[in-house]
Amino acid sequence: MPITTETMVLNMGPHHPSTHGVLRFILRTDGEVIHMCRPDIGYLHRGLEKIAEQLPYAQFMPYTDRLDYLAAMNCNLGYAITVEQAADIEVPPRAEYIRVLVAELNRIISHLISVGTFAMDIGAVTPFTHTIRERERVNDLFEELCGARLTYNYIRFGGVVFDLPDGFLNRLSQFLDYFEPRLEQYNRFISKNKIFKERLVGVAVISQQQALDYALVGPNLRASGIDWDLRRDEPYSVYGDLEFDVSVGTSKFGVLGDCYTRYWVRIWEMEQSVRILRQCIAKMPEGPYLNKTKRKLKVEPGEIYVRTEAPRGELGFYLISHGGIRPHRLRIRTGSFSAMSIVEELGSGLMVADLVALIASLDVVAPEVDR
Amino acid sequence: MENLVNDLFGQFAFLQKLGYVPTAAIVMLACGLVVLNFFGLMSGLFTFFERKVAGWTNSRRGPNRVGPYGLVQFMADGVKLILKEDIIPAAADRSIFKFAPYLLLLGTALSFVVIPFGPKWIIGDLNVGVLYLLATGSFTVVGLIMAGWASSNKWALLGGMRSAAQIVSYEIPNALAILVVVLTAGTMSMQGIIRAQAGGIDHWFLFNSPFSFLAFFIYFISAIAEINRVPFDIPEAESELVAGYNIEYSAMRFGVFFAAEFGNIYVICAVAVTCFLGGWQVPLLDVGDLGPVGRGLGNFLGRGEVLILMFVVALGIGILAWKALRAFVWDVRRKRAFFGSRFVRFHSELLVLGLLFTGGALALALHLPLRAHLPTIYRLIFQYLVPFLVFFAKAMLLSFVVLWWRWTLPRLRVDQLMGVCWKYLIPIGFACLVGQGFWMWLFS
């Protein structure tokens, strides 16, 4: 009698510890090996794009906080730049620097969460508590700045809502001095751990072609060896005046485009963000921080697509205005969404534990996928 | 058991009138009670210990609310688990589902039968002790598979499957490493193995030969894999299988799983201490006998003028220590941290000296009337208390390593786990066994 095995349908999520929010994967597995993996999204769909059509431009700003709650500043920034370009609003230089400063600070804490949960999904619990500890200090800084610790609602059309408090830049550079050695500590602790490497090197490799085909963005794209960063290639705000390197994955640590490279790209990006922050502190100009706009902002009829580099890749806002105080249509393009689409192709053939590593390495945030 | 009963006969004449069988029955019951309670206490304390270690590594505090320093936290947890609703899924195989945790517990509790607490303090010094340990360890896998299957949950089933593959595989290197010890000691009895390591640290089997040195690490790694601890915790991998085999368990059945798991930590560390680290053997001190040091100390303390002098000194320091102790209690009542407390900062040397001298004074006060029984008391201390403390200290030191790994290392994937076992540990284990044979043939 021939030995046959039956495949089993395994429902991973929506409530699963490693699906980072409310995601669901329908797996068809043969024991531990996945034959088919289908992501099922939409559990966190809140209709943000539809809500945008009902609200005046300024009132949609708090909703962008909820777009990617780990990088609320970057989402604020993307939306603000979109409306400013559509309505021709000038931004004072001090506000521009403050914006870049908070965006990079938010990139650091977003990557900290990413790195920490990555380690936790691989089974090491402690790095997460350490990265959270550092994030807490940045949250304190943000709280000083705008009173909120998670959903900041800090950036306004034409500037930022509050000026930097007294001594903020000092405390920020204190944090950076404290934080930079920590990165090396994480590397000693988890990044260079033998088991961690064994689990990630060569797992779920995304080739350059695949990355382009699936329109991957941000760190996931760069980990596949594609040198593309909007901050450098299409500079917005004051990124053009700042010096930084784009962190592109190499095959030095493993296979180009595997989970391990994606992990390292985030570590390197944190280093670069620290570099940008130091320049921002040095170059911070004096002057007004907000260019007051009209309470009921009207945008001329037309279309505009603006993309910015958020921690999870390009965050695009496609705005159609028919005049008036509300957008006719606001389409949001997020990095996590395209990252989710590649899971189905990469998933088959992996083991369940590898799938967990893959999801963690793509750094998917559920509210950003569903919007 | 026989030793213990005969010992008791020697101590207490009235037991002899009772006869051997009733005495043995009473002793058995008492032993069972003591062991189960010890087991419960150990697993409880291990939950506390683990959470404290987790706190240290995670840069937080760990439990510190219930009782002094959070020590009673595990009892609160236990009470909570007992009071919670015991949910059995509708689709579960009820009888197997209910029985599985107890089978797991049985495997762990049975191991305590052959774990020595001292030279005369062991429930059953079986002549096949080590073999028995390996056998009881296999109960675990049956319990886990039953739990995984009966839950009628695919994640639990995957967990059960993984644990079956893992535990069955890792039993081989585990047994191979222990065989090295059996070969060296020439006996399988736990006490026999410990006695074979008498005479100082260099006689421990850890340092017997390069092969036994390697065997210790093989044993330790495979034992950690057998009790499903990180980095080999794939049967209950939280981020992959949610909770693995115990996903559907709630209330005290869940608690029983964890009691067994934490009890197992002590078991594997105790076995490692027994087989490789000299068990209850105290370095530089022959436990079986008082030795010249003990006898000399006894004679010196027996002199009248020494007694009186020490008594006077002890009284003075005792008064100071009493004051210090009150300050200490004051701090504890206000839940100050121990090391930062006022008392420790100002009176730590007083506490140590005072407790030492108060104890000394008490001992001396009892010394005169008990002079006739002195050899018995010393014997009790040196044959029961000191070896137990030594054994326990060694085991706790090892289990700290287990907990430390738990909070430091990531988890292996299931195929890598099998690879470690079959490609590395088993061949090295066989090499150790053969190598140890040659070593013994060459050097003895």
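1. In this predicted model, the sulfur of C259(A) lies 13 Å from the closest cysteine sulfur, which belongs to C37(A), and this is too far for a bond. A disulfide would call for two cysteine sulfur atoms within 2.5 Å, and over all chains the structure holds zero disulfides. C432(B) likewise takes part in no disulfide, since the nearest cysteine sulfur, that of C421(B), is 14 Å away.

2. Are these two cysteines, C259(A) and C432(B), buried or exposed? C259(A) has a relative accessible area of 0% and is therefore buried, and C432(B), with a relative accessible area of 1%, is buried as well. The cut-off behind this reading is a relative accessible area under 20%.

3. Turning to the strands of chain A, β1 (residues 8-12) has two faces that should be kept apart when the model is inspected: M8(A), L10(A) and M12(A) make up the covered face, whereas V9(A) and N11(A) make up the uncovered one. Strand β1(A) pairs with β2(A) in the antiparallel sense over five bridges, and within this pairing L10(A), a residue of the covered face, stands opposite L27(A) in β2(A).

4. Strand β2 of chain A (residues 24-30) also runs antiparallel to strand β3 of chain A (residues 33-40), to which it is joined by seven bridges. In this pairing F25(A) stands opposite P39(A) in β3(A). Strands β2(A) and β3(A) form a hairpin with two residues between the strands, and in this hairpin G31(A) takes a positive phi near 65°.

5. Further along chain A there is an open sheet of three strands, in the order β6-β7-β8 and with antiparallel pairing. Its edge strands are β6 (302-310) and β8 (329-333) of chain A, each of which pairs on one side only. When direction is ignored, neighbouring strands of this sheet are turned by 15° against each other on average.

6. Within that sheet, β6(A) and strand β7 of chain A (residues 313-321) pair in the antiparallel sense over nine bridges, and the two strands form a hairpin with two residues between them. I304(A) stands opposite L319(A) in β7(A), while E303(A) has I320(A) in β7(A) as its bridge partner. On its other pairing, β7(A) meets β8(A), again in the antiparallel sense, over five bridges, with F317(A) opposite I332(A) in β8(A). Strand β7(A) is mostly covered, as eight of its nine residues are buried.

7. Which residues of chain B form a nonpolar patch on the surface? They are V434(B), F438(B), W441(B), L442(B) and F443(B), and together they have about 650 Å² of accessible area. Of these residues, F443(B) is found in helix α16 of chain B (residues 414-443), and because its relative accessibility is 59%, F443(B) counts as exposed, the cut-off for that term being over 50%.

8. At 43% relative accessibility A393(B) counts as partly exposed. From C-alpha to C-alpha, A393(B) and L309(B) are 34 Å apart in space, and in sequence they are 84 residues apart.

Methods:
Residues are numbered from 1 along each chain as its sequence is written. Chains are lettered from A and ligands numbered from 1 in the order in which they are written. This is a predicted model: local features need pLDDT of at least 70, side-chain atom pairs count only at pLDDT 80 or more; totals for chains, interfaces and linings use all residues. Side-chain values use heavy atoms; hydrogens and water are left out. Two strands pair if DSSP finds at least two bridges between them. Helices (H or I, at least four residues) and strands (E, at least two) are DSSP runs, numbered from the N terminus. Patches are made of residues with over 30% relative accessible area and no salt bridge: like charges are joined within 9 Å, nonpolar side chains (Val, Leu, Ile, Met, Phe, Trp, Tyr) within 5 Å. Accessible areas come from the Shrake-Rupley method with a 1.4 Å probe; for residues, only the protein chains shown count as cover. A salt bridge is a side-chain nitrogen of Lys or Arg within 4 Å of a carboxyl oxygen of Asp or Glu. Buried means under 20% relative accessible area, exposed over 50%, partly exposed in between (1.4 Å probe, protein chains only). Axes are lines fitted to C-alpha atoms, for helices over the stretch in contact, and angles run from 0 to 180 degrees between N-to-C directions.
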